[in-house]
Amino acid sequence: MSPPQPAQNPAHPTASADAVFAALADPTRRAVLSRLASAPATATELAAGLPITRQAIAKHLAVLADAGLVEAHRHGRETRYHVTPEPLSAAMGWMVEVGAAWDRRLARLHALLDGGTAGEG
Amino acid sequence: MHNEHEDPPTEDPRTDLCKWAQALSDTDLDGTPGTTVRRSAVLPADPDRVWEALTHDVELSAWLGGAAHLDPRPDGAGSFVGPDGRRQVRVRRAEPSRRLTWRWWPHDDDGEGASEVDLVLVPIPGGTRIDVTETPVAATASVEWALRLETLARVGVVLVG
């Protein structure tokens, strides 16, 4: 069971959720995140598996870190990046809440149109 | 085409993360970003009648779930007072009986928490299919940028390296 998210109103993407969404909108960053979700890695290891340079990877990692999605851990001379899933949970919370709201709205719209077509005018 | 993301984010967040990250990495730029909420429904009325229900304030309020006002023209202003507060609304696209797109955001911010709602009506035998998407504007803007950068890359501008 995941702990409840503190004080995030999921009906509104907050500024921090915005940063998460912006970070996730880029396909390379999604690929980086997907790779890190399976195991922590260094920028060099990430660059080996993706068709872009280590420098570009470093920029993407900085955006992901700003959004709180990854964290850097130093081990001696190398820096390994780990996924920190909490902001993603908040963003997913937004998606789940918004999806549920649309389920309710579409059910009401259906009921309105079902009952209202005959007696109109 | 009309995937519904119905799995609630329960259990270990890391399990969800792996699944979601996989789904995200499978999403390409021609599609919508992985942060889009999608829903579809079949409605028992023709698109003209559905359009009325989307654009007349009394009916709109009834199904949207709060006091709603909308000026259904491009750049038309609106408002919505729902369970989680008051929102401002701005119409982006209004094609009668076909498509209605608006952005809405919490009344007390400057559009930072905005998301875009797109309602597409498709006539089908005996009724209308409505395809709904809601996407955070931050993601939309970022995808637009990515597309622009990709276009630059295609015409030979070196972006990285």
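Throughout these legends, a strand is a DSSP run of E with at least two residues, a helix is a run of H or I with at least four, and both are numbered from the N terminus. The model shown is predicted, so please read each view with that in mind.

**View 1. Chain A, a chain of helices and strands.** Welcome to chain A, whose secondary structure consists of five helices and three strands. If you take the contacts in chain A between residues at least 6 apart in sequence, 52% of them join residues at least 24 apart. The chain exposes about 5900 Å², and carbon and sulfur atoms supply 56% of that area.

**View 2. The sheet of chain A.** Here the three strands form an open sheet in the order 1-3-2, with antiparallel pairing. At its edges are strand 1 (41-42) and strand 2 (70-75) of chain A, each of which pairs on one side only. Strand 3 (residues 78-83) of chain A pairs with strand 1 of chain A in the antiparallel sense over two bridges. Look for A:Ala41, whose bridge partner in strand 3 of chain A is A:Tyr81. Helix 2 (residues 27-38) of chain A packs on this sheet and touches strand 1, strand 2 and strand 3 of chain A. The direction of this helix makes about 95° with that of strand 3 of chain A.

**View 3. The hairpin of strands 2 and 3 in chain A.** Strand 2 of chain A and strand 3 of chain A run antiparallel and are joined by six bridges. What sits at the turn? The hairpin has two residues between the strands, and A:Gly76 takes a positive phi near 60° in it.

**View 4. The sheet of chain B.** Now we move to chain B, where seven strands make an open sheet in the order 1-7-6-5-4-3-2, with antiparallel pairing. Strand 1 (37-43) and strand 2 (67-70) of chain B stand at the edges with a single partner strand each, so one side of each has no neighbour in the sheet. On average, neighbouring strands of this sheet are turned by 20° against each other, direction ignored. One pair to zoom in on is strand 3 (residues 77-82) and strand 4 (residues 85-95) of chain B, antiparallel over six bridges. Within this pair, B:Phe80 stands opposite B:Arg87 in strand 4 of chain B.

**View 5. Two helices against the sheet of chain B.** Helix 2 (residues 47-55) of chain B lies across several strands of chain B, among them strand 5 (99-106), strand 6 (115-124) and strand 7 (127-136). This helix runs at about 155° to strand 6 of chain B. Helix 3 (residues 57-64) of chain B packs on the sheet too, touching strand 2, strand 3 and strand 5 of chain B. The direction of helix 3 makes about 135° with that of strand 2 of chain B. How many of the nine residues of helix 2 of chain B are buried? Seven are, which leaves the helix mostly covered. The buried residues of helix 2 of chain B include B:Val50, B:Trp51 and B:Leu54, and B:Arg49 is buried as well.

**View 6. Two loop residues with positive phi.** B:Asp75 is not a glycine, yet it has a positive phi of about 75°. You will find B:Asp75 in the loop between strand 2 and strand 3 of chain B. B:Ser97, in the loop between strand 4 and strand 5 of chain B, also has a positive phi, near 65°, and is likewise a residue other than glycine. Exposed means over 50%, so B:Asp75, at 55%, is exposed.

**View 7. The surroundings of B:Ser115.** B:Ser115 belongs to strand 6 of chain B. With a relative accessible area of 3%, B:Ser115 is buried. The side chains of B:Ser115 and B:Glu134 are joined by a polar contact of 2.6 Å. Leaving out residues up to four places away in sequence, B:Ser115 also touches residues including B:Trp102, B:Arg103 and B:Trp104. One of its contacts belongs to the other chain: A:Trp94.

Notes: Residues are numbered from 1 along each chain as its sequence is written. Chains are lettered from A and ligands numbered from 1 in the order in which they are written. This is a predicted model: local features need pLDDT of at least 70, side-chain atom pairs count only at pLDDT 80 or more; totals for chains, interfaces and linings use all residues. Side-chain values use heavy atoms; hydrogens and water are left out. Contact means heavy atoms within 4.5 Å. Accessible areas come from the Shrake-Rupley method with a 1.4 Å probe; for residues, only the protein chains shown count as cover. Two strands pair if DSSP finds at least two bridges between them. Axes are lines fitted to C-alpha atoms, for helices over the stretch in contact, and angles run from 0 to 180 degrees between N-to-C directions. Buried means under 20% relative accessible area, exposed over 50%, partly exposed in between (1.4 Å probe, protein chains only). A polar contact is a pair of N or O atoms within 3.5 Å; within protein, one must be able to donate a hydrogen and the other to accept it, and residues adjacent in sequence count only if both atoms are side-chain atoms.
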